[in-house]
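Here is a protein chain to read alongside its sequence. Keep the structure open as you go through the report.

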Amino acid sequence: MHALVTKNAGNIYTVLADDGTTMQVTVKGNFRIKGIKSTSPVVIGDQVEVVDGMITAVADRKNYIVRKSINLSKQSHILAANLDQCFLIVTVSHPVTSTTFIDRFLATAEAYNIPAVLVFNKTDIYDSSDMEYLDGMVNLYETIGYKCLKVSAATGEGMDKVSDLLNGKVTLVSGHSGVGKSTFINRILPDLNLRTADISDAHDQGMHTTTFSEMYPIDAHGFIIDTPGIKGFGSFDMEKEDIGDYFREIFRYSQDCRFNNCTHTHEPGCAVLEALERHDISQSRYNSYLSMLEEDDKYRG
């Protein structure tokens, strides 16, 4: 039987069969996917074959997205597979989403060839300085070429534009705990009534309300994937010399560097450093690039 994996909780998977029925299944024996060292061989979004309540085969993935591993192990944690796009929910306050986190997420999406959209949430609670900062971030990322949306999932403001982008597509929703992912999904699919939690006053951070990833149907062909709050995206599975390719503006200027193997850190004739000096590349984006280079060194060390 052919089926779609819609949820995983430990070693138990929920699958949606072609006839519309759902069931819980397990994975057969020491099942592994060749060439991928992952904490789980089967993930949300996988197309699988099920025999006698066990997953026996996984179809080739068109893409997948990897989260930073908890430690510096050689295993990755794949969030989901076969995505049409991913939404990163961003808040500029309560809690703050750093530009480093945003840039690492975007670089990861670029590396795995998944279109990314930035959704700036909680516009209903921001003061004038927050909104000014938000508008600056939107300007930065739209200039690079990323689609940005300003919404309030709590009030519904701006959510009509979100719905138009979701129809007929498989969309992963990610972000820190506390940015309003569950509220965002409840606004799109109110019958779900996902649990939400208040921000911790002590640390201005969110409480984890989602413990396992789960995929929900939006329409005949569209799905939205809710993921647990994520602390970081790393350079796992990226070659050091390729990291700059996943920053769109760095890649663009790197074509004019004097050396093909330029790291954009110290070399003479580096077009990226020249662009940085002219402010054609933002300092925050360049700092994020450097942080991923340094992290890659840790993995290699």
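## A buried glutamate

E267 is buried, with a relative accessible area of 12%. Buried means under 20% relative accessible area, exposed means over 50%, and partly exposed lies in between (1.4 Å probe, protein chains only). E267 sits in the loop between α5 and α6. Helices (H or I, at least four residues) and strands (E, at least two) are DSSP runs, numbered from the N terminus.

What does E267 touch, leaving out residues up to four places away in sequence? The answer is F259, N261, C262 and L273. Contact means heavy atoms within 4.5 Å. E267 and C257 are 10 residues apart in sequence, and their C-alpha atoms are 8.9 Å apart in space.

## About the model

This is a predicted model, where local features need pLDDT of at least 70 and side-chain atom pairs count only at pLDDT 80 or more, while totals for chains, interfaces and linings use all residues. Residues are numbered from 1 along each chain as its sequence is written, and side-chain values use heavy atoms, with hydrogens and water left out.

## The whole chain

The protein chain has seven helices and 13 strands. Of its 301 residues, 51% are buried. Take the contacts in the chain with a separation of 6 or more: residues 24 or more positions apart account for 65% of them.

The accessible surface of the chain is about 14,800 Å². Carbon and sulfur atoms hold 48% of that surface. Accessible areas come from the Shrake-Rupley method with a 1.4 Å probe; for residues, only the protein chains shown count as cover.

## Helix α4 and its cover

Why is helix α4 (residues 181-188) described as largely enclosed by the rest of the structure? Six of its eight residues are buried, so the rest of the structure largely encloses it. The buried ones are K181, S182, F184, I185, N186 and I188. Their cover includes the strands β8 (85-90), β9 (116-120), β11 (170-174) and β13 (223-226), along with helix α3 (159-166).

## How α3 meets α4

Two packed helices are described by the angle between their axes and the distance between the axes. For α3 and α4, the angle is about 75 degrees and the axes are 11 Å apart. Axes are lines fitted to C-alpha atoms, for helices over the stretch in contact, and angles run from 0 to 180 degrees between N-to-C directions. α3 and α4 are therefore roughly perpendicular to each other. Angles under 35 degrees count as roughly parallel, over 145 as roughly antiparallel, 65 to 115 as roughly perpendicular, and the rest as oblique.

On the α3 side, M159, V162 and L166 take part; they meet F184, R187 and I188 in α4. These contact residues divide into five nonpolar, no polar and one charged. Ala, Val, Leu, Ile, Met, Phe, Trp, Tyr, Cys and Pro count as nonpolar, Asp, Glu, Lys and Arg as charged, and the others, Gly among them, as polar.

## Salt bridges

How many salt bridges does a search of the whole structure find? It finds nine. A salt bridge is a side-chain nitrogen of Lys or Arg within 4 Å of a carboxyl oxygen of Asp or Glu. One of them joins R61 and D46, at 2.7 Å from N to O. R61 lies in the loop between β5 (54-58) and β6 (64-67), and D46 in the loop between β3 (22-27) and β4 (47-51), so the pair ties together parts that are 15 residues apart in sequence. Both R61 and D46 are buried.

R248 and E110 form another salt bridge, at 2.5 Å from N to O. This pair links distant parts of the chain: R248 is in helix α5, E110 is in helix α1, and 138 residues separate them. R248 is partly exposed at 28% relative accessibility, and E110 is partly exposed at 25%. D103, E249 and R285 are linked in a network of salt bridges.

## Backbone details

A cis peptide bond joins H94 and P95, with omega about -5 degrees. P95 is in the loop between β8 and α1 (99-111).

K122 is not a glycine, yet its phi is positive, about 70 degrees. K122 is in the loop between β9 and α2 (128-144), and it is buried at 14% relative accessible area. H264, also a residue other than glycine, has a positive phi near 60 degrees. H264 lies in the loop between α5 (248-254) and α6 (271-277). With 7% relative accessibility, H264 counts as buried.
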